[in-house]
Amino acid sequence: MHATLFDSLMVKIALIGLLGIGAQWVAWRTGRPAIALMLIVGVLAGPVFGLIDPENDFGALLEPIVKLAVAVILFEGGLSLNFRDLRHAGGAVLRLVFIGVPIGWALGTGAAYYGAGLSLPVSALFGGILVVTGPTVIGPMLRTLRVGNRVRDILKWEGIVNDPIGALLAVAIYAYIIHEGDGSVANVTFDVLGASFLAGIMGAALGYGLTWLFPRGYVPEYLKAPILLISVILGFVVSDLIMHETGLITVTIMGVVMANRHVYSSRALHRFKEDLSVLLISGVFVLLSAQLDWDTVQKFQIQFILFLLLLLFVVRPVTVLISLLLSSVPWRERLFIAWIAPRGIVAVAITGLFASRLIKSGYADAEALVPLSFAVVIVTIFAHGFSAKWVAARLGIDEGKGEGIILVGANRWTIEFAAFLKSLELPVMVADTSRFALRGARKLSLETYRGDILEEALDDKIDLGQFQHMIISTDNESYNQLLSSDLGPEFGYDQMTAMAVEKNSPGAKRGRVLLESETVYSQLIDRANEGWVFSKTRLTEKFTYEDFRANLNEDEEAVALLKPDKRLLLFSAQARPIIENGDAIISFVRPVCPEEIKAARKDQVDDNKADKGGSEKHRSDTD
């Protein structure tokens with residue numbers, strides 16, 4: 001019998017993982033909000049089909065599992081909070097924390113009291129919990145949006161910082177409620193602030209300690225990720241023993257400290273924390289939504305709809321607009337932030353915890369908190385998740401699908417190619433770690449980025465969503481390979497093409513190699529130094545791709561295909577893009593004489609006017 005139960009639980013754990021990750025994959029393929037899909041599959045697996053019953057399946061382990069998962073998720077969120085992001089968003093974040101939290105709490109309490117009809121103590125506690133906006137839902141939502149860095153940073157920082165604040169508000173209000181007869185506000189406040197201070201000190205100490213140990217070789221590389229995970233769990237548990245929910249402060253501050261100090265660790269550490277966070281978010285969301293049963297649903301009353309409307313259209317907008325009054329944030333961005341406030345794991349988990357405690361303390365109306373919290377999560381996720389892109393577009397802050405091209409590695413070839421693409425009105429960025437190497441790009445007024453793209457992208461310091469393709473062209477085959485393998489899963493392997501450093505090298509075969517001929521780095525640089533140039537030729541019914549090929553000289557070849565909708569497709573050793581009439585081929589060709597330059601210029605003017613190509617080769621004379 002025990003073996004059967006154990007096997008059944010193993011099957012359900014596997015099912016939870018399959019459903020959660022499956023929902024994430026479907027969201028990636030369809031562009032739909034991942035959190036909404038995870039919520040749907042959890043409800044289907046739980047109350048609809050009865051495949052998962054978290055309370056019966058996990059019993060007393062359910063609460064600690066969820067709390068530890070939330071702790072790791074918040075720590076991972078803290079790791080993404082670099083103080084450099086606050087250069088443009090810092091003032092707004094401070095306003096939303098110090099002004100927005102009290103206003104949001106007061107308005108949320110009023111909405112629960114007048115809208116949902118809850119008693120004032122229960123309303124105050126629920127209002128405190130609802131100041132959170134949920135990093136577990138903000139993160140996946142931002143992945144599907146292309147808005148400015150300021151908006152992204154404000155929402156990201158607010159979500160992660162407010163989570164422990166909301167939990168602590170609930171702790172303080174609950175402590176005041178149960179000690180109303182024999183305590184005072186001052187004593188409760190002192191206890192909460194004291195425990196919060198200790199939790200913050202512990203988080204800072206753990207973060208500082210690990211970032212001191214890791215670079216000095218006291219921890220081997222293969223143990224860094226396990227030690228990091230155990231340290232997060234240990235810090236959370238110890239703080240939680242001092243006072244419930246203060247562990248959230250410990251892990252958040254620990255993450256922020258580590259984000260702003262050098263760890264000097266391998267990419268595996270970054271990938272580990274990201275993968276773990278995705279797994280935990282998927283699993284916990286399926287668990288919590290599967291926990292929703294029909295008894296809970298039946299406790300939802302019609303009058304609660306008024307509370308939800310107040311929460312969506314009064315509490316959040318008024319809180320944000322008052323907080324950001326007289327700030328430097330443009331009105332369009334303020335309105336977008338005022339609309340986006342989805343709630344997630346922390347709101348449901350903390351509400352369920354305090355609801356049971358309040359019921360035991362004699363507050364019968366606390367039974368309504370669980371169905372209300374699920375309703376808030378469902379409504380805000382669907383309302384904000386499915387409307388965010390539309391609202392951003394209406395407000396004019398949606399940056400649309402990225403059309404840019406990023407060239408990693410500044411050299412003669414990439415700089416001239418970038419200049420040519422810029423002349424075709426494509427956004428281009430040249431990235432390199434060397435200021436000297438970028439000098440030529442800056443002289444041509446090209447956008448440049450100094451830094452290690454691999455590190456910057458993994459730490460979310462650069463938005464890869466603005467680019468449709470990455471061309472890797474350094475003289476280091478190993479680095480090119482590392483960049484392709486590490487960024488490929490997120491950016492897309494088909495959107496990354498690397499220049500070959502060695503002919504037919506095994507490493508190059510693992511990724512897309514630039515040019516059908518697989519011409520190596522040194523040859524391309526030599527040709528650029530000899531004066532070779534880039535040209536554009538438009539294909540028509542009269543001048544086909546075969547005609548274009550026949551018109552090429554020795555060693556000249558096609559580099560990219562420019563579609564009418566500004567998509568740039570690279571020719572590679574592995575695949576040739578689908579070529580159609582109206583496409584323009586960008587090729588790398590030998591230098592031409594002045595007479596040919598004049599003819600090419602005239603043909604290019606005629607081509608632009610008539611929007612059709614001829615049988616001549618159009619060569620650029622930019623050198």
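Does Trp-413 count as buried or exposed, and at what relative accessibility? At 0% relative accessibility, Trp-413 counts as buried (buried: under 20% relative accessible area; exposed: over 50%; partly exposed in between; 1.4 Å probe, protein chains only). The model is predicted, with local features requiring pLDDT of at least 70 and side-chain atom pairs pLDDT 80 or more, while totals for chains, interfaces and linings use all residues. Residues are numbered from 1 along each chain as its sequence is written, and side-chain values use heavy atoms, without hydrogens and water.

**View A. Packing of helix H19 against helix H23.** Helix H19 (residues 412-423) packs on helix H23 (residues 521-529) at an angle of about 65°, the axes being 8 Å apart. Axes are lines fitted to C-alpha atoms, for helices over the stretch in contact, and angles run from 0 to 180 degrees between N-to-C directions. Helices (H or I, at least four residues) and strands (E, at least two) are DSSP runs, numbered from the N terminus. Arg-412, Trp-413 and Glu-416 of H19 meet Leu-524, Ile-525, Ala-528 and Asn-529 of H23 (contact: heavy atoms within 4.5 Å).

**View B. The aromatic pair of Trp-413 and Phe-417.** The structure holds 15 aromatic pairs (rings of Phe, Tyr and Trp, the last by its six-membered ring, with centres within 6.5 Å; planes under 30 degrees apart are stacked, over 60 edge-to-face, the rest tilted). Trp-413 and Phe-417 form a tilted pair, 5.2 Å centre to centre with 40° between the planes. Because these residues are four apart in helix H19, about one helical turn separates them. Phe-417 counts as buried at 0% relative accessibility. Trp-413, Phe-417, Phe-420, Trp-532, Phe-534 and Phe-588 form one aromatic cluster.

**View C. Arginine charges over tryptophan rings.** The charged end of Arg-334 sits over the ring of Trp-331, 4.5 Å from its centre. Arg-527 lies over the face of Trp-532, at 4.9 Å from the ring centre. The criterion is NZ of Lys or CZ of Arg within 6 Å of the ring centre and within 35 degrees of the ring normal.

**View D. The open parallel sheet.** Five strands are ordered S3-S2-S1-S4-S5 with parallel pairing (two strands pair if DSSP finds at least two bridges between them). Strand S3 (447-450) and strand S5 (496-498) are the edge strands, each pairing on one side only. The twist averages 20° from one strand to the next. Strand S1 (residues 404-408) pairs with strand S4 (residues 467-472) over five bridges, and Ile-405 stands opposite His-469 in S4.
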